[in-house]
Amino acid sequence: MNESLDHVAARLVDGRINGVPVEDVVDLKRIEAAVREILIAIGEDPEREGLKNTPGRVARAYAELFAGLRVDPAEILKTTFAEDHEEMVVVRDIEVTSFCEHHLLPFFGVAHIGYIPAEHGRITGLSKLARLVEAYSRRPQVQERLTSQIADQLMATLEPRGVVVVVECEHMCMSMRGIRKVGAKTVTSAVRGVLQRDAKSRAEAMSLILGR
Ligand SMILES: Nc1nc2c(ncn2[C@@H]2O[C@H](COP(=O)(O)OP(=O)(O)OP(=O)(O)O)[C@@H](O)[C@H]2O)c(=O)[nH]1
Ligand SMILES: [Zn+2]
């Protein structure tokens, strides 16, 4: 299987995800067999008209939904620009759709990312922040890890003065089943560098991020 997809806005087009054949992204046959087994186990008939093509569909959907596992997030941040901007850059409301690794049910919401470039440092293209979110969310996840992985990758690759990441999501495993609390939002944050040390900068970052 391919180690890496060249970018992450994973979409299945003509049997390919970002140009990579779908069978190189996941083991389609294995997923198909497993889904067929699940259908039998829940008491369904996998041969009936409506379900006949379901194992194949699920396999192709999983290739798209878990494509982040084949992406090297450091690659995404390779294109940078030298810029003397030593103030906060914030991209707010980046859509998140991911899968809780405990139940393989979706969680979804938004991520907000802020960073302060280093003195005479480098900035990244704004879309790369959203691509980073995609790379880490298109895999089995927990929200806390998603949040800290984004922050840590930005620190490691861009070497900024500070980073803050806030993720707000609703988890289907809490609303569709189990405790069944629809609308409960989980908010996680990861703060790194100067923003961790300096309460005033952190407060400014948070007010920009939360838009209040
Ligand atoms: N910390 C954290 N927990 C999560 C996340 N997604 C799902 N969970 C929780 O993972 C836990 C798994 O708990 P278990 O007791 O092993 O599983 P369960 O019996 O299905 O739990 P219930 O959901 O309480 O019915 C649940 O409390 C979920 O709410 C996440 O992103 N972060
Ligand atoms: Zn869950």
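Predicted model: local features only at pLDDT ≥ 70, side-chain atom pairs only at ≥ 80, totals over all residues.
Trainee: Which residue stands opposite G109 in β9?

Mentor: The residue facing G109 in β9 is C169. Residues are numbered from 1 along each chain as its sequence is written, while chains are lettered from A and ligands numbered from 1 in the order in which they are written.

Trainee: What joins strand β6 to β9?

Mentor: Two strands pair if DSSP finds at least two bridges between them. Strand β6 (residues 105–116) and β9 are joined by 10 bridges and run antiparallel, so they meet that definition. On β9 there is also an antiparallel pairing with strand β10 (residues 186–193), over eight bridges. Within that pairing, V167 has T188 of β10 as its bridge partner.

Trainee: What makes strand β9 count as mostly covered?

Mentor: A residue is buried if 20 or more other C-beta atoms, placed from the backbone, lie within 10 Å of its own, exposed if 12 or fewer do, and partly exposed in between. In strand β9 (residues 162–171), eight of the 10 residues are buried.

Trainee: Why is C100 called partly exposed?

Mentor: C100 has 18 other C-beta atoms within 10 Å, and this count falls between the two limits, so the term applies. The residue is found in strand β5 (residues 89–100). C173, in helix α6 (residues 172–175), has 16 such atoms within 10 Å and is therefore partly exposed.

Trainee: Which residues touch C173?

Mentor: Setting aside residues up to four places away in sequence, C173 touches C100, H102, H103, L105 and G178. Contact requires the C-beta atoms, placed from the backbone, to lie within 7 Å.

Trainee: How do you know that the residues of the "binding site" annotation gather at one spot?

Mentor: The UniProt record, an unreviewed entry, places that annotation on C100, H103 and C173. These residues span 74 residues in sequence, but no two of their C-alpha atoms are more than 7.8 Å apart, so they gather at one spot. Such annotations may be inferred rather than shown by experiment.

Trainee: Where is F66, and why is it called partly exposed?

Mentor: F66 is in the loop between α2 (54–65) and α3 (73–76). It has 18 C-beta neighbours inside 10 Å and therefore counts as partly exposed. Apart from residues up to four places away in sequence, F66 touches V26, R138 and R139.

Trainee: How many residues of domain 1 are in contact with domain 2?

Mentor: The domain assignment, automatic or from a database, gives domain 1 (12–70) and domain 2 (74–210). Five residues of domain 1 are in contact with seven of domain 2. The C-alpha centres of domain 1 and domain 2 lie 29 Å apart.

Key:
Contact = placed C-beta atoms within 7 Å. Helix = DSSP H or I, 4+ residues; strand = E, 2+ residues; numbered from the N terminus.
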